[in-house]
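Biologist: I would like to go through this model with you. Please show it, and then I will ask how you know what you say.

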Amino acid sequence: MMYAFSEEQSMVRDSARSIARAESVSGARTLLAPESKIACSSDLSSKLHELGFPGMLVDEDHGGSDMDMVAACLVARELGRELVISPLLGTTVTAHTIARFGSDKMREDCLAGITEGTEQIGLGLDGEVVLADGLLNGVCAWGIDAVGATSLIIRADHDDVSVLALVPVDNAGIEIAPRRMADGRMLAQITLNAVQVERDTIMSDEAPAAAMNCAATWISAYSCGTVEAAFELTLDYLRERKQFDRRIASFQAIQHRLAQIYCEIEDGWSATHRAAIALDRHEAELALHSSVAKAKLADLSRVVLADCLQLHGGIGMTAEHDIGLFLKSGRVSSELLGGYSHHADIVARELGF
């Protein structure tokens with residue numbers, strides 16, 4: 001299915017592409033260095049704010065550009081192509097969720113801070129956390145964008161339902177333990193011990209699902225870019241590398257597999273684009289569309305990136321070649337906030353199986 005982009009969306013995509021190419025895959029390699037302690041480049045964060053990317057989903061009354069999730073996914077896709085690590089996932093999910101479910105005070109304080117660059121929001125959407133008597137207790141095992149964050153959005157069980165709570169990181173009782181992933185991303189274990197929560201910073205029981213759907217769609221878009229770039233890298237290699245005095249790309253069996261991979265990648269982007277549209281329209285089948293996209297990209301990140309590495313032969317196994325880093329990034333993205341099995345189960349449930 002084809003969806004045309006508006007002129008504004010195309011401009012956003014081109015701007016993101018320019019920043020991503022300037023950062024390049026070398027940025028992820030820098031973060032993987034043993035001496036690296038940061039979650040992302042401060043220079044990159046400044047450039048993203050200059051172009052207004054953190055405030056894309058924030059309305060104009062709070063200083064944002066009031067764009068849609070499709071545009072946000074186009075940005076994520078371009079960042080994924082160069083394995084650019086940024087805090088945009090947290091701010092995107094926060095802006096989308098608070099705009100719908102947050103109190104007036106949350107919109108005023110948090111959304112304005114995102115657009116001004118004074119707020120970085122981390123996500124604690126997994127784990128076992130309980131909200132009782134105004135206090136949060138529990139652990140989020142894989143906090144996203146929590147390192148360097150000013151506030152956290154935490155999913156917690158409260159009176160037999162799940163809610164989201166916004167808490168500042170300087171709140172007593174919050175411990176953030178960074179975890180460097182294989183691809184350079186910095187996740188974190190978030191421990192909450194009797195963390196005080198204000199009543200007007202708690203969002204309704206509809207908010208957790210909305211936040212998860214938004215996050216799954218953004219990660220799928222990022223993964224689309226990663227798989228696309230790895231495929232292009234592989235094509236370039238096969239067009240140059242020779243076996244039996246013929247370029248590898250000229251072998252029919254290889255061409256058939258490459259054609260299949262291309263079609264699968266197109267399917268992945270179509271599913272992600274459709275999920276973004278469902279988010280913008282607040283469709284009833286949003287959970288279905290976002291999980292279809294996440295399951296599809298989790299599968300692509302596992303199978304296609306492994307094929308790309310194999311098609312590179314021995315050189316693909318070296319640390320110096322970029323294809324291995326694409327494989328690592330794809331694997332991390334595929335499991336983040338639920339892998340293939342988790343989202344396939346959601347799809348089956350939404351379809352009535």
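**Reading the model**

Modeller: Start with charge. The mean positions of the 30 positive and 51 negative charges of the protein chain lie 10 Å apart. Keep in mind that this is a predicted model.

Biologist: What makes a residue count as positive or negative here?

Modeller: Lys and Arg are the positive ones, Asp and Glu the negative ones. His is not counted.

Biologist: How do you know whether the radius of gyration agrees with a compact globule?

Modeller: The rule is 2.2 Å times the number of residues to the power 0.38. For 353 residues that gives a value near 20 Å. The protein chain has 20 Å, so the two agree. The C-alpha atoms fill a box of roughly 75 × 50 × 40 Å along the principal axes.

Biologist: What is the chain built from, in helices and strands?

Modeller: The protein chain has 11 helices and 10 strands. Look at its contacts too. Among those between residues at least 6 apart in sequence, 72% join residues at least 24 apart.

Biologist: How much of the chain is buried?

Modeller: Buried residues are 54% of the 353.

Biologist: What makes a set of residues a nonpolar core?

Modeller: Its members are buried, come from a list such as Ala, Val, Leu and Phe, and are joined through side-chain atoms within 4.5 Å. The largest such core has 86 residues, and Phe-53 and Met-69 have the most contacts inside it. Helix α7, residues 207-240, gives the largest share, 16 residues. A second, separate core has 21 residues, including Leu-136 and Ile-174.

Biologist: Which residues does Phe-53 contact, leaving aside its neighbours within four places in sequence?

Modeller: Among them are Val-12, Ile-19, Leu-48 and Leu-88.

Biologist: Why is Leu-337 called buried?

Modeller: Buried means under 20% relative accessible area. Leu-337 has 12%, so Leu-337 counts as buried. Leu-337 sits in the loop between α10 and α11. Its phi is near 55°, a positive value in a residue other than glycine.

Biologist: Why is His-282 called partly exposed?

Modeller: The relative accessible area of His-282 is 43%, so His-282 is partly exposed. His-282 is in the loop between α8 and α9. His-282 also has a positive phi, about 55°, although it is not a glycine.

Terms used:
Residues numbered from 1 in each chain as written. Predicted model: local features only at pLDDT ≥ 70, side-chain atom pairs only at ≥ 80, totals over all residues. Heavy atoms only, no water. Buried < 20%, exposed > 50% of the residue type's maximum accessible area, 1.4 Å probe, protein only. Helix = DSSP H or I, 4+ residues; strand = E, 2+ residues; numbered from the N terminus. Contact = heavy atoms within 4.5 Å. Charge placed at Lys NZ, Arg CZ, Asp CG, Glu CD.
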